[in-house]
Number of protein chains: 2
Amino acid sequence: MALATPYLMFIGDAPDQLAAKVAIGVVHWRPQWCKGQLRLAGCKADLGIPDMTIEDAVEAGCRTLVVGVANRGGVIPDHWTGAIVQAIEAGMDVAAGLHRRLSDVPAIAQAAKAHGRTLTDARHPSRDFDVAGGQPRPGRRLLTVGTDVSVGKMFTSLAIEREMQARGMNADFRATGQTGIFIAGDGASVDAVVADFIAGAAEWLTPANAPDHWDVVEGQGSLFHASYSGVTLGLIHGARPHALVLCHDAARTEMRGTPGVPVPSLEDCIAVNERMARMFEPDARVVGVSVNTSSMDDARAAAYLSEVSQRLNVPAVDAVRTGVGPIVDAIGKP
Amino acid sequence: MALATPYLMFIGDAPDQLAAKVAIGVVHWRPQWCKGQLRLAGCKADLGIPDMTIEDAVEAGCRTLVVGVANRGGVIPDHWTGAIVQAIEAGMDVAAGLHRRLSDVPAIAQAAKAHGRTLTDARHPSRDFDVAGGQPRPGRRLLTVGTDVSVGKMFTSLAIEREMQARGMNADFRATGQTGIFIAGDGASVDAVVADFIAGAAEWLTPANAPDHWDVVEGQGSLFHASYSGVTLGLIHGARPHALVLCHDAARTEMRGTPGVPVPSLEDCIAVNERMARMFEPDARVVGVSVNTSSMDDARAAAYLSEVSQRLNVPAVDAVRTGVGPIVDAIGKP
């Protein structure tokens, strides 16, 4: 894939900020790539970056129109097509993360063909992956795992990449989901590949690297989630992490999407994730816990993180409230 | 899917018995469905059932031509097309388990359309699956798991189904791979579905059933195999087995396809499989071990099975040599 940057962020007629959350994530983590936003009449979201026409964006050097808005059913509505086609005609590629493919809209497919532009659907694999080879390889790898889905694995991974780079460490975020792929400019939607190739896609994403280089891999699912645990295990066995960071939402009591199933304890989650990772990287360990404490006031959150850290004997942070510095401190310590 | 029976088994110009192993498996487990074989000039394999022309097969009531032969690269060679088209024109459906789809051959696709016949590619999912709901459901479920891939999980599952049925138990084999699907007449190729739907496909395969009914589910991969562990875990969490049967090849020292990776101990394999299964079915346990001892003479095999059984405190059998009776004896015992 490898998206061409910088981006013009398209948020159509998003009815609220939540509908534009993909675009908001990209602007948050890659402001230098997001030159402007393109909004249609009725748009109620605002990315806080300059409004641009297609002409403005071309002038500003934008090379890809990123569709960063969700729509009912994941389709591309007719009234978006004009702007998308116009961007293609002006020489831009288009990237989207909707269920329906860009190329399924005839006008978009025809324009891309006529103008030789690339259409990227980040939710669908854009290449064939091999079956995982299961071999050791140089380079250091960190993977975020979770007690549940949607507990901040992407956010934590990006915060760790940023912290490592700020310290002069050699680190790259590796994306496994659509928003992450826009942020990294490349990646593999591991939950969208054919099941036999999950670990192979994760190996492709984290190839041999310099001994001091860190791949910081965006986790998916949870080993304890009945619906998605296969994706999680394939990612662990393909990425072969040396360091795991356990993500958790302090307010979550029930697994998201499977009513009645309780969230596992942090202790169980650490034990099982370490057991599975150590099959192939015997020194793999959970180096820290990253908790979403947004349900708590400052004092309660501080007490909670302190208690968790003492109980588990690893740093416990909230990536938003405290930053991930203590986890990066702990990496590499015995 | 649900294939129409009985079958005419097509083995083309198979160069040896091994090339026809899919067909051999189907004839072994479902002799009553396999009315005859269709062989082309040069065929060196023999299923031991009557040779039939298409006309003979129609006369005998055959409703599906099963392509039970492997070919280099999983393609359908031109010189098979004539016989396949002729079967369609005579009113038969066609099922194959090759990488290339039957419908990718224009003459076959056109004939099927013209005559209203069904083409089934058992290696590809034939329906959309939901994301797994992760809910408990009635019925009893047994799943075969393995120390490695290709250690007899399908054979063991079918032997258990046969043994249970012989005892008057209410049991059905549930297929998760291409040969198994021909044998069951239906199923889900769980390693070929999109990763997010592995557990959902396994749930579809093992729906709510009578309290005394056993689904005997064909396992795939191994939790210890770097390439396929995700498929295995999704299958465990979707099928929610109460009973696990651990399959093993006594001659195997290295994991198939990942050089240098040792086969895990039976103890480790039992512990990890039980840990993962108990997340959702707290009483799940390994009820027996099924070992391929074909590398040993009779005395050595008997001693090996006896030692394994005593060490692990569960029955240890060779499904070919000893049958699976002791495992079925153990099911339901506390």
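1. Interface between the chains. In this predicted model, 30 residues of chain B are in contact with 30 residues of chain A, contact meaning that the C-beta atoms of two residues, placed from the backbone, lie within 7 Å. On the chain B side, helix 7 (198-205), helix 8 (229-239) and helix 9 (266-277) each supply at least two residues. Helix 8 of chain B gives the most, with 6 residues. Helices (H or I, at least four residues) and strands (E, at least two) are DSSP runs, numbered from the N terminus. By class, the side of chain B that touches chain A holds 18 nonpolar, 9 polar and 3 charged residues. Here Ala, Val, Leu, Ile, Met, Phe, Trp, Tyr, Cys and Pro count as nonpolar, Asp, Glu, Lys and Arg as charged, and the others, Gly among them, as polar.

2. Basis of the numbers. Residues are numbered from 1 along each chain as its sequence is written, and chains are lettered from A and ligands numbered from 1 in the order in which they are written. The model is predicted: local features need pLDDT of at least 70, side-chain atom pairs count only at pLDDT 80 or more, and totals for chains, interfaces and linings use all residues.

3. Helix 7 of chain B. This helix is largely enclosed by the rest of the structure, because 7 of its 8 residues are buried. A residue is buried if 20 or more other C-beta atoms lie within 10 Å of its own, exposed if 12 or fewer, and partly exposed in between, with C-beta atoms placed from the backbone. The buried residues are Ile198(B), Ala199(B), Gly200(B), Ala201(B), Ala202(B), Glu203(B) and Leu205(B). They pack against strand 7 (170-174), strand 8 (213-217) and helix 8 of chain B, and also against helix 8 (229-239) of chain A.

4. Nonpolar core. The largest nonpolar core has 230 residues, and those touching the most other members are Met9(A), Val94(A), Ile198(A), Met9(B), Val94(B) and Ile198(B). Such a core is a set of buried Ala, Val, Leu, Ile, Met, Phe, Trp, Tyr and Cys residues joined through C-beta atoms within 7 Å. Leaving out residues up to four places away in sequence, Val94(B) touches Thr64(B), Leu65(B), Val67(B), Ile84(B), Ala87(B), Ile88(B), Leu102(B) and Leu119(B).

5. Domains of chain A. The assignment, which is automatic or from a database, gives domain 1 (7-121) and domain 2 (140-330) in chain A. Their C-alpha centres lie 29 Å apart. In chain A, 9 residues of domain 1 are in contact with 5 residues of domain 2. Helix 1 (residues 21-29) of chain A provides the largest share of the domain 1 side, 4 residues. That side has 5 nonpolar, 3 polar and 1 charged residues.

6. Overall form of chain A. Chain A has 11 helices and 11 strands. Its radius of gyration is 20 Å, which agrees with the value near 20 Å for a compact globule of 334 residues; the radius is taken over C-alpha atoms, and the globule rule is 2.2 Å times the number of residues to the power 0.38. Along the principal axes, the C-alpha atoms of chain A fill a box of roughly 55 × 45 × 45 Å. Buried residues make up 54% of the 334 residues in chain A. Among contacts in chain A with a separation of 6 or more, 73% are between residues 24 or more positions apart.

7. Backbone points to check. Most residues other than glycine have a negative phi, and most peptide bonds are trans. The bond joining Thr5(A) and Pro6(A) is cis, with omega about 0°, and Pro6(A) lies in the segment before strand 1 (7-12) of chain A. In chain B, the peptide bond from Thr5(B) to Pro6(B) is cis, with omega near 0°. Asn313(A) has a positive phi near 65° and is found in the loop between helix 10 (298-312) and strand 11 (316-317) of chain A. Asn313(A) counts as exposed, with 6 C-beta neighbours inside 10 Å. For Asn313(B), phi is positive at about 60°, and this residue counts as exposed with 6 C-beta neighbours inside 10 Å.
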